[in-house]
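My entries follow in the order in which I checked things.

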Amino acid sequence: MECLSFFDMCVVFLILTSILLYIYGIWPYGVWKSLGVDGPQPLPFLGNHYQLTAEGNEQCVRKWSNVYGRTFGIYVGRRPMLVTTDLDILKEVLVKYFNIFTDRFEKFEIFPDEIRAMLSVAGGEQWERIRHLLTPTFSTGKLKLMEHHFHRCSAQLTTNIKEAAGKGQKIDVRKYFAGYTLDVIAATSFGIEVNSQKDLDNPLAKDVSTILQDIASSEGLLMLLKNAFPFLTPLFKFLGMHFFQPRGWKSFLKNLHCIIQERKREGNQKEKPDFLQLILSYEEAQSSGKEELKVLSRLEVIAQATVFFVAGYETTAATLQSLAYNLALYPDVQEKIVREFEEQLGDELPTYEDVTKLKYLHSAIMETLRMYPPLNSVNRMASEEVTIKGITIPKGAGVMIPIANVMKDPEYFPEPDKFDPERFYEGSVNPVSFLAFGYGPRLCIGMRLALLEMKIAMVHVLRKVKFVKTDDLQENLRTKPGSFISFPAQVIAVKAILRDSPAAC
């Protein structure tokens, strides 16, 4: 037998390599089938990750649910993930078996360490410690101390919208509300006034917005490759840290360090009622011999400051934007809210206690969050194997909680595309089906702050202006695919008219 030529050996090597590589690429994809769970066909190496990125989480889950039912299995890269809109399963995952599903499925390994230490990303004992330390920040007493910031920023917001209304301009409501929420976060969290409402293109606002968009686009190329080839995670982390950092990250981090150093130079100001002072006090406790539970590292201080700036800014602004859009489309709801102001508040500025009386405004905000949740999905990871309702979830597998799909499910919310605050006003909503702030122990820690911030803003604004539908205002909002955060695919521009003008009558 003749010896193989060098060319022939190369061909054989390439064929064998290709076969082995293909086997590696499809090897994990028998997990769900072996457990009797159906689901869409995964692509080699990528699983169903590419489909989620290209079409969007909400769209993919809706399409797959029509074929496979409420619960099915997918793969994110090589890792299995269960997707379910079954409320019984979700309650078990988020509450009963929380000790098993404490951590996020995606840990953002390729992002800077400050992002991985955020309360919303951290897991295990680190999450428990940080959550315990930060909870007092949102007590009733602390929120009451922040009221004057909400009123000051709301007054500026109202002035800006009134000026635009007086000129007959259509309003890009996202810009106006983003300026408001950024000013509120800066004041309540860091005790500083950034005046971004006077400059709707404020550089800090741009940094925060782009950071969030880049973090949210975790289904991007590097994350896609990391999930396909997990053994190369250190390489992708190096690339992410040094070449593909979130846009605006260095600038934002520099500003944050300056704010912290300035606060430390101010000396003994323990009575300052803001978030930064609280977390800095926990960092300082590290050198005082107190137990570890009572301390934060400098990296964790930066991480929590970042998550409050980034998450509190964009999500609240997005909800206010969607609320203004809904009120323009449903003027009867808008006027019912204003009448509630007159009945419950008169002409007075609302206090913390007063805001709790505005039940219809609260219902309108809840319904807006149901229709347009800032987060369309979250996930959890099983730290050990568990069986729920006859479905076995292996150790290390994920569970996707498709927030938007649950809250637009006609079985849970009849006529889901209709803006109907009465659903919440009547109190007939199953609490597990409303997931805008999460559910269970990892419920959004800033929920009460965000709701108070939104309600006070709307009292100020709606007393002075009315949002009006224009002929070119779309009646179905679309979102950009490729992210677990629901960014609008188009600018939402509505018209505002002064309530004391003839046109408002």
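Entry 1, cores. I looked up the largest nonpolar core and found 135 residues, with Phe-101, Ile-337, Ile-393, Met-458 and Phe-467 having the most contacts inside it. Its largest share, 16 residues, comes from helix α16 (residues 298-329). A core here is a set of buried Ala, Val, Leu, Ile, Met, Phe, Trp, Tyr and Cys residues joined through side-chain atoms within 4.5 Å. Buried means under 20% relative accessible area, exposed over 50%, and partly exposed in between, with a 1.4 Å probe and protein chains only. I also noted a second, separate core of twelve residues, including Cys-60, Phe-72, Val-76 and Met-381.

The model is predicted, and local features need pLDDT of at least 70, side-chain atom pairs count only at pLDDT 80 or more, while totals for chains, interfaces and linings use all residues. Residues are numbered from 1 along each chain as its sequence is written, and side-chain values use heavy atoms, with hydrogens and water left out.

I listed its contacts (heavy atoms within 4.5 Å). Beyond neighbours within four places in sequence, Ile-393 touches Leu-82, Phe-101, Ala-382, Glu-384, Glu-385, Val-386, Ile-388 and Val-399.

I counted 22 helices and nine strands. These are DSSP runs numbered from the N terminus: helices are H or I with at least four residues, strands E with at least two. Of the 505 residues, 54% count as buried.

Axes are lines fitted to C-alpha atoms, for helices over the stretch in contact, and angles run from 0 to 180 degrees between N-to-C directions. Four bridges join β8 to β9 (residues 493-498), and three join β3 to β9. In β9, Lys-495 stands opposite Val-468 and is also the bridge partner of Lys-170.

I found a second open sheet in the order β1-β2-β7-β4, with mixed pairing. Its edge strands, β1 (71-76) and β4 (378-381), each pair on one side only. β4 and β7 (residues 398-401) are antiparallel over four bridges, and Met-381 has Gly-398 as its bridge partner in β7. Helix α4 (residues 57-68) lies across β1, β2 (79-84) and β7, running at about 130° to β1. Helix α5 (residues 87-96) lies across β1, β2, β4 and β7, at about 120° to β7.

The buried residues include Tyr-360, Glu-367 and Arg-370. They pack against α16, α17 (331-344), α20 (403-407), α21 (422-425) and α22. I then checked the length: at 1.5 Å a residue, α19 (residues 359-371) should span 18 Å, and its end C-alpha atoms are 18 Å apart, which agrees. The expected span is 1.5 Å times one less than the number of residues.

Note on methods
Pairing = 2+ DSSP bridges.
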